[in-house]
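User: Could you walk me through the labels used for this structure? I would like to see each one set against its cut-off.
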Amino acid sequence: QLITVTDDTDPEISCPANVTVECDGMGNAADLATFLAGASATDNCDTDVEITNNYMELSDGCGATGSATVTFTATDDCGNTSTCSATFTIVDTTNPDIDTAASDETVECDGMGNTAAFAAWLADNGGAEASDVCGGVTWSNNSTGLSDDCGATGSETVTFTATDDCGNMSTTTATFTIEDTTNPDIDTAASDETVECDGM
């Protein structure tokens, strides 16, 4: 009598849940490793089912974000397989850090609008500095020009905005002021005058 035992039943596989993590700027390697190791499988004829996955790399998102949909495959000793899929996603929802706030600046009136000093202050973002763990930072501001005060003085309160690669924003505000504290110059001093009485 010949008795043949066959295994034509696929293993049962359980995928990890879809995972979304906040960007750490370095690929979230530990989170990814935990996700890839999260699949499990059982089989009615094999206690040691092999689990593989087809992960290659994350998609290239903004900054250091990205995602990958991974297919996990369970294979028993007889070559029966089962598959399932799950997605790992890195997102950036964190605003940039304002490391140094913008600073007010006050300059003495030069009579011509102090344009160079004002332009330099704007270009330097009022001295503000920002950083982001998940990418670069770009600056913008809402300057529309100085107010029209006495003489050639004026001021403007400007909001500087730091925006990261994923569009998250942080702001810092400072004021540029042109003041006039300088007394007028007496170019020609007053002169004494003596006249002869005319009787009237």
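Analyst: Happy to; we will take the disulfides, then the sheet, then the aromatic rings. This is a predicted model, so local features need pLDDT of at least 70 and side-chain atom pairs count only at pLDDT 80 or more, while totals for chains, interfaces and linings use all residues. Residues are numbered from 1 along each chain as its sequence is written, and side-chain values use heavy atoms, with hydrogens and water left out.

User: What makes Cys15 and Cys84 a disulfide?
Analyst: The term asks for a pair of cysteine sulfur atoms within 2.5 Å. The sulfurs of Cys15 and Cys84 are 1.9 Å apart, so the pair meets the definition. The link is right-handed, with 95° about the S-S bond. Cys15 sits in the loop between strand S1 (12-14) and strand S2 (19-22), and Cys84 in strand S6 (residues 81-91), which puts the two 69 residues apart. Helices (H or I, at least four residues) and strands (E, at least two) are DSSP runs, numbered from the N terminus.

User: Why is Cys84 called buried?
Analyst: Buried means under 20% relative accessible area, exposed over 50%, and partly exposed in between (1.4 Å probe, protein chains only). Cys84 has 16%, so it counts as buried.

User: How many disulfides are there in the whole structure?
Analyst: The search finds 3. Another of them joins Cys23 to Cys134, with 2.0 Å from S to S. That link is also right-handed, with 95° about its S-S bond. Here Cys23 is in the loop between S2 and helix H1 (29-36), while Cys134 is in the loop between strand S9 (129-131) and strand S10 (137-141), 111 residues apart. Both Cys23 and Cys134 are buried.

User: What is known about Cys62 and Cys166?
Analyst: Their sulfur atoms are 2.0 Å apart, and they form a disulfide. The pair links distant parts of the chain, 104 residues apart: Cys62 is in the loop between strand S4 (50-53) and strand S5 (66-75), and Cys166 in the loop between strand S11 (154-164) and strand S12 (169-179). With 32% relative accessible area, Cys62 falls in the middle class, so it is partly exposed. Cys166, at 22%, is partly exposed as well. Numbered in sequence order, the bonded cysteines of the protein chain pair as 1-4, 2-5, 3-6.

User: How do you know that Cys78 is in no disulfide?
Analyst: The nearest cysteine sulfur, that of Cys45, is 5.4 Å away. Cys78 is partly exposed at 49%, whereas Cys197 has 69% and is exposed.

User: Why are S8 and S10 described as standing at the edges?
Analyst: Two strands pair if DSSP finds at least two bridges between them. The open sheet of 4 strands has the order S8-S12-S11-S10, with mixed pairing. Strand S8 (105-108) and S10 each have a single partner strand, so one side of each is left without a neighbour in the sheet.

User: What makes S11 a partner of both S10 and S12?
Analyst: S10 and S11 share 5 bridges in the antiparallel sense. S11 and S12 are also antiparallel, over 10 bridges. Among the bridges, Val137 partners Asp164 in S11, and Gly154 stands opposite Ile178 in S12. S11 is mostly covered, with 8 of its 11 residues buried.

User: Why is the pair of Phe118 and Trp121 called stacked?
Analyst: Rings of Phe, Tyr and Trp (its six-membered ring) pair if their centres lie within 6.5 Å; planes under 30 degrees apart count as stacked, over 60 as edge-to-face and the rest as tilted. These centres are 6.3 Å apart with planes at 20°, so the pair is stacked. Phe118 and Trp121 are 3 residues apart in helix H2 (residues 115-123), about one helical turn. Trp121 is buried, with a relative accessible area of 5%.

User: And what makes Trp121 and Phe160 edge-to-face?
Analyst: Their centres are 5.3 Å apart and their planes at 75°, so they pass both tests for that label. Trp121 lies in helix H2 and Phe160 in strand S11, so the pair ties together parts 39 residues apart in sequence. Phe118, Trp121, Phe160 and Phe176 form one aromatic cluster.
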